[in-house]
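This report covers a single protein model.

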Amino acid sequence: MAYFNDDEARSRQIILEHYEEPDNKIDDLEIVKGYESFNNKSSSCIDNLTLHLKINDNNKILDAKFSGIGCAISTSSTDIFCSMILNKTKSEADSLIEEYFKMIEGQSYDESLLDTLLIFKNISKQLNRIKCAKVGVVAIKEIIAK
């Protein structure tokens, strides 16, 4: 599915689609009973996202939602991540997070695991955007570490 991997215009379009109409964003006032939540905010910009994960007794992620405000990069990366971790175990989600962090920090990573997240591969060249690309994902990591 990484057909857009080297198509910057298509990558920007996907980012904007997930920013303007995120699939997994909920209103801050919606009740998320039975979900584990964690808030993470950036110290350098407006990004302030709360992640909500529903995890069963077998450590499988049944649902992933987020609320709050963020820029196009933080909102779209969080939205895509929420979709990608559905029905994964905490361990599988953590492996995905580690590969994603490697990619956005400019390290060697396993491209085959990242699928749509590859649209963020050039973030490592934009140091001011690395925090944006991590804010929601750090919150997911905090929840699954419990």
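The model is predicted.

## Fold

Four helices and three strands make up the secondary structure of the protein. Read from the N terminus, the order of the elements is α-β-β-β-α-α-α.

Among contacts in the protein with a separation of 6 or more, 59% are between residues 24 or more positions apart.

## Dimensions and surface

The radius of gyration of the protein is 14 Å, which agrees with the value near 15 Å that a compact globule of 146 residues would have. Along the principal axes, the C-alpha atoms of the protein fill a box of roughly 40 × 30 × 25 Å.

The protein has an accessible surface of about 7,700 Å², and carbon and sulfur atoms account for 46% of that area. Of its 146 residues, 45% count as buried.

## Nonpolar core

The largest nonpolar core holds 39 residues, and the members that touch the most others are L53, F81, I85, Y100, I104, L117 and F120. At least two residues of this core come from each of helix 1 (8-20), strand 2 (48-55), strand 3 (61-69), helix 2 (72-84), helix 3 (90-104) and helix 4 (127-144). Helix 4 gives the largest share of the core, with nine residues.

Which residues does F81 touch, leaving aside those up to four places away in sequence? The contacts of F81 are with L96, I97, Y100, L117, V137 and I140.

Key: Residues are numbered from 1 along each chain as its sequence is written. This is a predicted model: local features need pLDDT of at least 70, side-chain atom pairs count only at pLDDT 80 or more; totals for chains, interfaces and linings use all residues. Side-chain values use heavy atoms; hydrogens and water are left out. The radius of gyration is taken over C-alpha atoms; the globule rule is 2.2 Å times the number of residues to the power 0.38. Buried means under 20% relative accessible area, exposed over 50%, partly exposed in between (1.4 Å probe, protein chains only). Contact means heavy atoms within 4.5 Å. Accessible areas come from the Shrake-Rupley method with a 1.4 Å probe; for residues, only the protein chains shown count as cover. A nonpolar core is a set of buried Ala, Val, Leu, Ile, Met, Phe, Trp, Tyr and Cys residues joined through side-chain atoms within 4.5 Å.
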